[in-house]
Protein chains: 2
Amino acid sequence: MSDQVTSHLADLMPSEWLVPTSLSESMNYSLMAGGKRLRPLLVLSACESLGGNQEAALEAACAVEMVHTYSLIHDDLPAMDNDDYRRGKLTNHKVYGEATAILAGDALLTHAFYNISQMHRKYGVNAESVLSIIEELSEMAGPRGMVGGQIADMEGEQGLTDLAHLQYIHIHKTSDLIVFSLLAGGRIAGANEYQLQALRTFGLKIGLAFQIQDDILDLIGDENKLGKKTQSDVEQQKVTYPYFIGLDASRTEVEKLTREGKEALLSADLNDPSRLLEIADYLLNRDH
Amino acid sequence: MSDQVTSHLADLMPSEWLVPTSLSESMNYSLMAGGKRLRPLLVLSACESLGGNQEAALEAACAVEMVHTYSLIHDDLPAMDNDDYRRGKLTNHKVYGEATAILAGDALLTHAFYNISQMHRKYGVNAESVLSIIEELSEMAGPRGMVGGQIADMEGEQGLTDLAHLQYIHIHKTSDLIVFSLLAGGRIAGANEYQLQALRTFGLKIGLAFQIQDDILDLIGDENKLGKKTQSDVEQQKVTYPYFIGLDASRTEVEKLTREGKEALLSADLNDPSRLLEIADYLLNRDH
């Protein structure tokens, strides 16, 4: 499934002769840098759980990966986290320079909306459902969503903030785009309101679990498996779950959230939630 | 009309309690910094020329101003043009810092799509027309449009490039968003294909004229009227129309493009193109 995403991502890039070479190369560099493709897998699996059209879901899956990739490029910039490496490769601005990296991020975000806008004409997804998907992407990736979480993250320093603030950061910086992915897959498959609500709850819970697990791995993970340096949160004085409630309680919280997420999903009368449940378990047990 | 845009822009910002204060302030700072509101006026005037719903057009008008404002914030960054002033006020990153400025730009771009996605539900604009507006915005503001023009602009240095490259820059960096504005106003008012084509031609011509006039004003304009330093293109070794064809021929070109744009418009059987024609004349004669 993840290879399918990578290959379709390449197909969805604008034709190279329509775009300046450096921009096109810079966009591709980060899109093709690998990663778990978690959000695309969630779109595809949510759509599959309701027996929906997988081709249309693949389009939305690639769009959400473009949004995720843009957020990583901007996040790594010198003015933000100032990271030289991501997934074991040089970050975008280290290869193409800051100006091109900023613009490549802008271009990926904008191009994601382009690809979603095509789903009605290309795959016959109901026009009003496509508008709902666009509405939710712009909410959950925008100022009330991911960008708001990113700002809060920059401002959240140890000793200066509390657990409620950390939850705001985690929910908006991470869970929002995960929730979006599940809702988009559901909407493409024609989910009813009750099913959408279950997908939303599942996303919120596993999104928060995912981010707490990230906090844990940043503290005690294996740098080789992670492809990045650990202890960066401590160095940058960022607030984390282990900082507030300790390592053991953080692990218990990840398990509890995963269990609650799975329960919400199982209550929703989906055709086949098996792949979504597998993803939740995979995230719980991951070491990178 | 421009006051109406400014006041509605404030209404369309996400509620402040849903967004971290610094983000919300930074977005507002640049949105409320004034400017000609040219693109919103084009949306409203194109819609008016066909007797369409002005309330719906105001929503799209504000969205395009958000996109324009995001592009200025990113354009001014130290990694790009490194400008300290814009419209006589400190640039966003000089007030809020680079990280917040980058994120405020990201948030404005994303929030623009949110506002357009609401036009079907709020004002009954046909769902397929709204999808076409989203498709065109993402094309004309994305890698094949404005962002592509921005990259080409960064790469276009005197002595290293030619007039065709300069036209690519001007068309994509400036005309694309102007064309989008006209098409959006037309689509909201239910324009037919022939009328959309006339609006497109009008936009391309006056957009190019607008940018050549900018080149001219950068060379010989009055700094007080412009609210920014002149001769910046020369200092930054950027290619311009006067650089390639001289000042007199550049002025003649602005007049010719304006005339051709107006002719295209007059051929399209619009109810009342008068305000669009006034805008073309205003742009031709402006000194700032």
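Predicted model: local features only at pLDDT ≥ 70, side-chain atom pairs only at ≥ 80, totals over all residues.
Trainee: How do you know that the span of helix α4 of chain A agrees with its number of residues?

Mentor: Helix α4(A) covers residues 54-76, which is 23 residues.

Trainee: What makes α4(A) largely enclosed by the rest of the structure?

Mentor: A residue is called buried when its relative accessible area is under 20%. In α4(A), 21 of the 23 residues are buried, so the helix is largely enclosed.

Trainee: Why is N53(A) said to cap the N-terminal end of α4(A)?

Mentor: A polar contact needs a pair of N or O atoms within 3.5 Å. A side-chain oxygen of N53(A) lies 2.8 Å from the backbone nitrogen of E55(A), and N53(A) caps that end of the helix.

Trainee: Why is G34(B) called partly exposed?

Mentor: Buried is under 20% and exposed is over 50%. The relative accessible area of G34(B) is 22%, so G34(B) falls in between. G34(B) sits in the loop between α2 and α3 of chain B. Leaving aside neighbours within four places in sequence, G34(B) is in contact with E65(B) and R87(B).

Trainee: What makes V67(B) stand out in the largest nonpolar core?

Mentor: That core has 155 residues, and V67(B) is among those that touch the most other members, a group that also includes I116(B) and I188(B). Not counting residues up to four places away in sequence, V67(B) touches L109(B), A112(B), L137(B), A141(B), M146(B) and L177(B).

Trainee: How do you know that chain A and chain B are related by a two-fold axis?

Mentor: Chain A can be laid on chain B by a turn of 180° with a shift of 0.0 Å along the axis, and the RMSD is 0.0 Å. That is the relation of a two-fold axis. In chain A, the C-alpha nearest the axis belongs to A127(A), 3.0 Å from it.

Trainee: What makes the surface the same for both copies?

Mentor: Of the contact residues of chain A, 100% recur in chain B. The contact takes 49 residues from chain A and 49 residues from chain B.

Trainee: How much area do chain A and chain B bury between them?

Mentor: They bury about 4200 Å², with 73% of it on carbon and sulfur atoms. In chain A, L131(A), P143(A) and R144(A) lose the most area to chain B, together 16% of what that side buries.

Terms used:
Residues numbered from 1 in each chain as written. Chains lettered and ligands numbered in written order. Heavy atoms only, no water. Helix = DSSP H or I, 4+ residues; strand = E, 2+ residues; numbered from the N terminus. Expected span 1.5 Å × (residues − 1). Buried < 20%, exposed > 50% of the residue type's maximum accessible area, 1.4 Å probe, protein only. Polar contact = N/O pair within 3.5 Å; in protein donor to acceptor, adjacent residues only side chain to side chain. Contact = heavy atoms within 4.5 Å. Least-squares fit on C-alpha atoms with pLDDT ≥ 70 in both. Core = buried A, V, L, I, M, F, W, Y, C linked by side-chain atoms within 4.5 Å. Buried area = accessible area lost by both parts, 1.4 Å probe.
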